[in-house]
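Here's a walk through this model, written for someone who likes to know the cut-offs. Have a look at the structure, then read on.

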Amino acid sequence: MTDSIDLAEIPTMTDKFAALLVTETSDNSFEQNVVNKSISDLPANDVLIRVEYSSLNFKDALSATGNRGVTKSFPHTPGIDAAGLVEEDSSGTFKKGDSVIVTGYDLGMNTSGGLAQYIRVPADWVIACPQQLSARESMIYGTAGLTAVLCVNKLLMAGAKPEDGDVAVSGATGGVGTMAIAMLAKLGFKVAAITGKLEANETLTGLGASKVIDRASLDDLAAKPMAKPQWAHAVDTLGGDYLFTLVKSLQYGGSVAACGLASAPNFKANVYPFIIRNVNLLGVDSVELPIEEKRKVWNQLADNFKPDQLGSMAEEITLEQTPQYLNQIINGHALGRYLVKL
Ligand SMILES: NC(=O)c1ccc[n+]([C@@H]2O[C@H](COP(=O)([O-])OP(=O)(O)OC[C@H]3O[C@@H](n4cnc5c(N)ncnc54)[C@H](OP(=O)(O)O)[C@@H]3O)[C@@H](O)[C@H]2O)c1
């Protein structure tokens, strides 16, 4: 794949490593190939990290297919998640061999990302991997797990309790969806998994969902100003009309944590659910979350939010396999988490 780098030595600027590279072709389409890059190709930031694991997220699929809202210029190496070992840190914050995690900020958007054996990033993007978490586990979570815990925290802060009733999770078979189901179930909530893949019923109940609901059953409600109360609370990863359908189907005083747009960014809404049912629509962002907050959330992920089945909650793939899996994600065929071993 690439000339190997002596791991005992700090890599030199000319050393080569393997990376996914997305390039724009002459017909304005985008192709993805594994190539050799040099350390000198990486941006001039503080911390050089040898990536052990990365993961695939919806945003990586957007970047890999040329979405300019995510990545402005190509060629580019995507990968918004990375966990690995520090090689060197010019800021003096980390020492060689420290096990670290980087998620979000500009990683994989316009900064060369984690779908590569090396990244170089600013020190204030880097978190020491909590002791109770391996690099592998941290990337099984990745941004999806971080986002799921942020959604759950938002619901808890709004007063959600297991005795309130069912919590709906949309995009249930996706990365954020599977993580949110497992975490909510671990905290004692009853979870209604909303999915377009009814064949994944067993997987979803295995994660802790107590009901699996056909996403298509929500479609009829899209045009109605209000809907019958069905959920105590919800985690929405889809956006679009699904988001407001969840909002107007909440029980009195319920909350929806909105983190995604897998269906669409826009939705039509009215104020009835807010002023008649006293419901809350709560925004969630994992990308620009201040590093101190991110550190706290990674500690929760290492501790009381950690699902018992975490180790088996991802399919492990190689860098060479990433193009085919990114294609599945962009077409809505993702099933759970994809862990990339570098
Ligand atoms: N706010 C943040 O910080 C943050 C962080 C991470 C992710 N996100 C966003 O959250 C969303 C989910 O991310 P992810 O990584 O979990 O994605 P993912 O693994 O690709 O899962 C998305 C899931 O949504 C459903 N879906 C996909 N396309 C759809 C469509 N066109 N219409 C309806 N349903 C569709 C599918 O689930 P079913 O077949 O089970 O319905 C799919 O498995 C994305 O929009 C992502 O950008 C936001």
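N28 sits in the loop between β1 (16–24) and β2 (30–38); helices (H or I, at least four residues) and strands (E, at least two) are DSSP runs, numbered from the N terminus. The phi of N28 is near 65°, which is positive although the residue isn't a glycine. Further along, F74 and P75 are joined by a cis peptide bond with omega of about 5°, and P75 belongs to the loop between α1 and β4 (81–89). As background, most residues other than glycine have a negative phi, and most peptide bonds are trans.

Some bookkeeping: this is a predicted model, so local features need pLDDT of at least 70 and side-chain atom pairs count only at pLDDT 80 or more, while totals for chains, interfaces and linings use all residues. Residues are numbered from 1 along each chain as its sequence is written.

Overall, the chain has 8 helices and 15 strands. Its radius of gyration (over C-alpha atoms) is 20 Å, close to the 20 Å from the globule rule (2.2 Å times the number of residues to the power 0.38) for 342 residues, so the chain is as compact as a globular protein of that length. Along the principal axes, the C-alpha atoms fill a box of roughly 65 × 50 × 35 Å.

The domain assignment (bounds from an automatic or database source) gives domain 1 (16–129 + 309–341) and domain 2 (145–283). Their centres, taken over C-alpha atoms, are 29 Å apart. Contact, meaning C-beta atoms placed from the backbone within 7 Å, involves 10 residues of domain 1 and 9 residues of domain 2.

And where does the ligand lie? Both domains give residues to the shell around the ligand, so it lies between them. Of the 31 residues around the ligand (C-beta atom, placed from the backbone, within 6 Å), G171, G174, T195, G260 and G332 come nearest. Helices α1 (58–64), α2 and α3 (175–186) each supply at least two residues of that shell.

Helix α2 (residues 135–157) also packs on α7 (residues 291–302) at about 95°, with axes 10 Å apart. Axes are lines fitted to C-alpha atoms, for helices over the stretch in contact, and angles run from 0 to 180 degrees between N-to-C directions. The two helices are therefore roughly perpendicular (65 to 115 degrees). Y141, G145, L146, V149 and L150 in α2 meet V297, Q300 and L301 in α7.

Here are the residue classes; Ala, Val, Leu, Ile, Met, Phe, Trp, Tyr, Cys and Pro count as nonpolar, Asp, Glu, Lys and Arg as charged, and the others, Gly among them, as polar.

| Residue set | Classes (residues) |
|---|---|
| Contact of α2 with α7 | 6 nonpolar, 2 polar, no charged |
| Shell around the ligand | 12 nonpolar, 15 polar, 4 charged |

Notes. Parallel < 35°, antiparallel > 145°, perpendicular 65-115°, else oblique. Contact = placed C-beta atoms within 7 Å.
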